[in-house]
Amino acid sequence: MPIVLIGPMGSGKSRVGHRLAASAGAPFIDTDQRIVERYGPIEEIFEREGEEYFRIIEREVVAEALHEEAVISLGGGAVLHPDTRADLADLQVVWLRVSPEAVAPRLAGGNRPLIAEGGIGAWTAILEQREPIYAELADLDIDTSRRSVARIVDDITGRF
Ligand code: S3P
């Protein structure tokens, strides 16, 4: 069964997913990366077509990925789609948490359109809206703020 990583921007989904897949001998799918490969840079999609369009193509890519036997990291907002939430109910879902203090340096210089202007304040406001969704979907939650990637991977493999 796939292992799916959810959580806010900068929580380490891609870094952890990559290492978790390597240690499990499974493929790794980063849905943001697939979107970029097929449609171009995310900030350009937001700029040209808007967030609503981004969510439509994101759903397509996520729906396809969730059928694969892989470790899958989802963009922070992918859980906003009700069909994705329904799909995740049957899968092994790990919520990566991170504190605002720990995430701030990780977001520096990033290319994330939703927080390009608002920075950490915008990040916190978005998290407040989504936290109940992450909490509802997660089978396991891990605070990544002060844990090494290796330790996080151990925590996940120990559980599934
Ligand atoms: C988004 C998170 C990003 C990316 C897009 C929108 C969001 O992915 O999908 O910029 O809505 O939280 P990461 O969580 O991998 O940064």
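1. Let's start with how helices α1 and α8 sit against each other. Helix α1 covers residues 13–24, and its axis and that of α8 (residues 149–157) come within 9 Å, crossing at roughly 60°. The two are therefore oblique to each other; angles under 35 degrees count as roughly parallel, over 145 as roughly antiparallel, 65 to 115 as roughly perpendicular and the rest as oblique. Helices here are DSSP runs of H or I, at least four residues long, numbered from the N terminus.

2. A word on the model itself: it is predicted, local features need pLDDT of at least 70, side-chain atom pairs count only at pLDDT 80 or more, and totals for chains, interfaces and linings use all residues. Residues are numbered from 1 along each chain as its sequence is written.

3. Which residues of α1 meet α8? They are Arg-15, Val-16, Arg-19, Leu-20, Ser-23 and Ala-24, and their partners in α8 are Val-149, Ile-152, Val-153, Ile-156 and Thr-157. Contact means C-beta atoms, placed from the backbone, within 7 Å.

4. Ser-14 also belongs to α1. UniProt lists this residue under "binding site", in an unreviewed entry, and such annotations may be inferred rather than shown by experiment. Beyond neighbours within four places in sequence, Ser-14 touches Asp-30 and Ser-73. Ser-14 counts as partly exposed because it has 16 C-beta neighbours inside 10 Å (20 or more would be buried, 12 or fewer exposed).

5. Do look at α3 (residues 42–49) and α4 (residues 51–65) too: their axes come within 7 Å and cross at roughly 130°. Ile-45, Phe-46 and Glu-49 of α3 meet Glu-51, Tyr-53 and Phe-54 of α4.

Definitions and conventions. Two residues are in contact if their C-beta atoms, placed from the backbone, lie within 7 Å. Axes are lines fitted to C-alpha atoms, for helices over the stretch in contact, and angles run from 0 to 180 degrees between N-to-C directions.
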